[in-house]
Structure formats: C-alpha cells, structure tokens
Amino acid sequence: MDNNPPFDARVQFPSHNEPRVWLITAGDSPIGLSVARQVLAHGDCAFLGLAHSALERDERRRDEFETFLGEVEQHDGWAQRIKTVPLDIRMMGECQAVVADAVATFGRVDILLCCTSQALIGTVEELSASIQTMNLVRDQFEVNYFGPLNIIKATLPHMRKERAGHMMIISGITAHIGTPGLGMYCAAGWALEGFCDSLAYEIAPFNVKLTIFQCSIEIGILTNLVTSVPPIFPAYSPANNQAPLFRGILNHLVPQLPDASVSSDSPVTPSRVYDENARVSSIENGPFSASEVVSMHPPLSSAHLEVLVAETVYAITSIGGHENPPSRHIVGQEGVASVKEKLKTVSEELEDFIQASFAVDVAADSDPIPGISEMNEGP
C-alpha cells in the first residue's frame with residue numbers, strides 16, 4: 001500500500017524549456033515540503049533550507065521531514081535533484097552561502113520561494129512589558145522582515161547577472177489588515193510588502209520578477225512556530241476589553257484541533273465552546289495565556305496540514321517561473337473578501353477626508369488676504 005500523500009492532479013506548472021531550480025527557504029515547513037514534492041514530481045530541482053534550531057522543528061515536523069526523505073528515496077531520479085542544508089535566514093552570511101551552494105550544485109537559481117515565518121502573539125503593551133518580550137519583538141522582525149531581505153539580497157546578484165529569475169514571497173492578508181493581538185506580526189508583514197513593492201520596480205529591467213502571495217491568516221499562523229507572551233490581566237480580559245484579541249481566538253482553536261490532546265477538565269470542549277463563561281475562561285486559561293512565554297507549533301496532523309496548504313501550493317506552482325506573473329496574488333476567497341472590505345473602508349475614509357479638506361481650500365479667485373499682497377510686492 002502506498003502511504004505517500006497523493007499529488008494534486010490539477011497542478012499546472014508554467015511551460016518552460018528545461019528543468020528549473022527552486023530555492024525554498026523553509027524546506028521542512030508544511031508549505032515547503034508540499035511544494036518540494038510537486039517540484040520534484042514535475043522534474044525540477046529543489047534546494048531546501050532547513051530550520052536552524054530544534055525549537056522550530058518539533059517532533060511532528062521532524063517526523064514529517066523524515067517521511068519526505070523516505071519518499072525521495074522511493075522515486076527514481078528525485079535524490080539527484082534535491083539538496084538540503086541548514087539555513088538561519090536571519091544570518092546574511094548563511095543566505096549568501098546557501099545561494100552559492102545552490103548555484104554550485106545545480107548551476108543556477110531560477111525561483112526563490114521565501115516561506116520562512118513565525119508568529120508573535122500579544123498586545124503592544126504586553127510586548128513592551130520586559131526585556132524578554134522586547135527581544136521577541138526584535139526576533140519577530142529578524143525572521144519575518146530582515147530574513148526575507150537577506151535571502152533576496154543574496155539571490156538578486158545571481159538573477160540580475162543571468163537576467164532571469166522569479167522571487168516569490170509568502171505573506172498574508174495581515175500585511176494589509178491590522179489584527180488586534182498580532183501587532184508586531186502585522187507590522188513585519190507590512191514592512192516586507194512595502195520593501196517588495198519597491199524592489200519589484202527596481203529589478204524589472206533585469207527581467208527578474210517578484211510575486212507576493214497574500215494567504216489567509218490560518219496559513220501563516222497554523223503552519224509555523226507560534227510564540228505568545230504573558231497576558232496583562234485584567235486589563236486585557238474579555239470582561240474588560242472587547243477587542244477580539246488573537247490570543248483568545250487561538251485559545252479556542254488550538255485545543256480543538258484534530259491532533260490536540262484535550263483533557264476532560266479542559267475549559268474548551270465542543271459542547272461548551274459556545275457558552276460565554278467557558279469562552280471567557282478559555283481565553284484567560286488557554287494554552288496561550290500562561291504566565292510565561294509559550295512557543296509551540298499548532299498541533300495539526302500532516303494530513304490536515306496538506307489540506308490546509310493545498311490552495312497556496314497550487315498558486316505557487318501555477319505562478320512560479322511564469323513569464324508574466326502577478327506582482328501580488330491573494331490566495332482564497334476569504335482573503336479576497338477581506339482585502340476588498342479593507343479597500344472599501346479606505347475609499348470611504350478617503351472620501352470623508354476629501355470632503356473635510358474642502359473647508360481649508362482657498363479658491364484661486366478669492367480675495368487676497370489683507371497685507372499679504374503688499375508684502376509680496378516688496379519696497
């Protein structure tokens with residue numbers, strides 16, 4: 001019996017004349033592994049960067065990667081078209097070494113897929129509570145903003161020299177829409193997209209393309225390492241603060257995930273999830289409301305992760321290396337609806353601002369302000 005995950009028969013790669021080389025920054029992440037499977041099955045080459053610490057590769061993720069390596073051995077030709085190396089995307093030197101290694105191994109890098117990410121949970125005040133939490137904020141930007149900048153800057157000279165290449169950056173709708181309790185995560189995403197939007201114009205003359213994938217919030221959070229800082233209660237308790245903090249959403253969701261072990265006395269059970277008292281209790285006593293910093297990968301099985309990332313992987317493989325790719329691609333109907341609603345709100349605010357600005361406009365044919373004309377005429 002074949003236990004390998006089935007390949008999506010709908011996947012369509014852009015037409016190309018020869019096998020391409022993919023550099024994937026988080027090759028042991030759910031998105032990285034799924035894309036690598038599709039790339040190898042298609043006949044392309046995959047150069048995979050692996051998480052640099054044990055914390056970012058929990059037991060489940062390590063097992064999934066070992067399973068993937070077993071699949072590589074079972075398929076003819078796959079082992080010759082794949083290489084894996086440790087990669088700390090925060091270190092510019094490692095990014096440069098990885099790009100050089102990929103070029104030395106496969107001759108070039110055609111497609112860069114930057115899918116390395118982490119999520120930091122906490123209100124702005126909570127994230128400013130101690131040196132430890134402020135260091136976590138800095139690390140959030142090191143991984144989610146400066147890390148992609150490092151690998152982009154390391155890859156760009158090679159692609160510019162070849163006058164060909166496609167950079168693909170996994171982002172999310174949180175890079176357009178602020179979310180309470182995800183302030184620093186959103187800020188890093190907004191910064192990255194602003195950088196990429198500017199970069200796309202700069203590299204276009206070299207025939208180097210750049211695409212931002214704006215995925216749903218579940219992709220960025222549930223497929224990566226999540227770190228939560230201690231909450232400030234009662235100030236940010238749901239009884240005192242009505243903002244829908246993301247911590248509360250995760251405290252509801254995580255214990256109900258298919259692979260989560262929820263004890264009988266847990267505050268969150270399917271029969272009680274709609275009870276208001278249980279809702280408040282779960283927010284204040286859930287796994288992300290501990291009195292110390294908590295880091296974990298949301299407990300989703302490999303099968304559920306494969307389903308979760310399928311739409312994103314389909315978009316990546318369909319767009320990667322395209323002759324005329326979009327500069328931004330929103331993945332999923334929920335993301336499209338969210339961005340449309342945001343744009344609608346911004347448009348309405350802009351109209352209100354324009355109306356308000358009419359009050360201070362000075363008509364061209366209005367009478368001059370007394371004394372001004374005399375001053376302008378001079379002696």
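**Figure 1. Accessible surface and overall make-up of the predicted protein model.** The accessible surface of the protein comes to about 18,900 Å² (Shrake-Rupley method, 1.4 Å probe; for residues, only the protein chains shown count as cover), and 55% of this surface belongs to carbon and sulfur atoms. Of the 379 residues, 47% count as buried, where buried means under 20% relative accessible area, exposed over 50%, and partly exposed in between. The secondary structure comprises 11 helices and 10 strands, taken as DSSP runs (helices H or I, at least four residues; strands E, at least two) numbered from the N terminus. This is a predicted model, in which local features need pLDDT of at least 70 and side-chain atom pairs count only at pLDDT 80 or more, while totals for chains, interfaces and linings use all residues. Residues are numbered from 1 along each chain as its sequence is written, and side-chain values use heavy atoms, with hydrogens and water left out.

Figure 2. Glu348 lies in helix α10, which spans residues 333-357, and counts as partly exposed because its relative accessibility is 44%.

**Figure 3. Close-up of a nonpolar surface patch.** Leu350, Phe353 and Ile354 make a patch of about 290 Å². Phe353 is found in helix α10, and this residue is exposed, with a relative accessible area of 56%.

Conventions
Buried means under 20% relative accessible area, exposed over 50%, partly exposed in between (1.4 Å probe, protein chains only). Patches are made of residues with over 30% relative accessible area and no salt bridge: like charges are joined within 9 Å, nonpolar side chains (Val, Leu, Ile, Met, Phe, Trp, Tyr) within 5 Å. A salt bridge is a side-chain nitrogen of Lys or Arg within 4 Å of a carboxyl oxygen of Asp or Glu.
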